Amino acid sequence: MARHEVLSPIPGVFYRRADPGSDPFVSEGQQVGADDTVCLVEVMKSFHQVSAGAAGTMVEFLVENEDIVEAGQAVAVIEAG
């Protein structure tokens, strides 16, 4: 099985939830589809959904909630297949 890295498309703040009272979009061990939202990246009060990019199992998140991320930075790993 191939490992797929989910990359942040823009620099900003990484969020695993839509808001503080919501469940995470996805948790480790959960099955995801390629188009499923796995996180948000916020820049200047604009929130951008980040999709998995590959179907498979979410293996791990590489950054913590509310960490600052750079464009192109890997934020999560999916075991594709």
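Is E28 buried, partly exposed or exposed? E28 counts as partly exposed, at 43% relative accessibility (buried is under 20% relative accessible area, exposed over 50%, partly exposed in between; 1.4 Å probe, protein chains only). The legends below describe a predicted model in which local features need pLDDT of at least 70, side-chain atom pairs count only at pLDDT 80 or more, and totals for chains, interfaces and linings use all residues. Residues are numbered from 1 along each chain as its sequence is written, and side-chain values use heavy atoms, with hydrogens and water left out.

**View A. The protein chain and its strands.** The protein chain has eight strands and zero helices (DSSP runs: strands, E, at least two residues; helices, H or I, at least four; numbered from the N terminus). Buried residues account for 33% of the 81 residues.

**View B. The salt bridge of E28 and R16.** The side chains of E28 and R16 form a salt bridge, at 3.8 Å from N to O (a side-chain nitrogen of Lys or Arg within 4 Å of a carboxyl oxygen of Asp or Glu). Both residues lie in the loop between β2 (12-15) and β3 (31-32), so the pair ties together parts twelve residues apart in sequence. R16 is buried, with a relative accessible area of 16%.

**View C. The salt bridge of R3 and E60.** The closest N and O atoms of R3 and E60 are 3.7 Å apart in this salt bridge. R3 belongs to strand β1 (residues 2-7) and E60 to strand β6 (residues 56-61), so the pair ties together parts that are 57 residues apart in sequence. R3 counts as exposed, at 51% relative accessibility.
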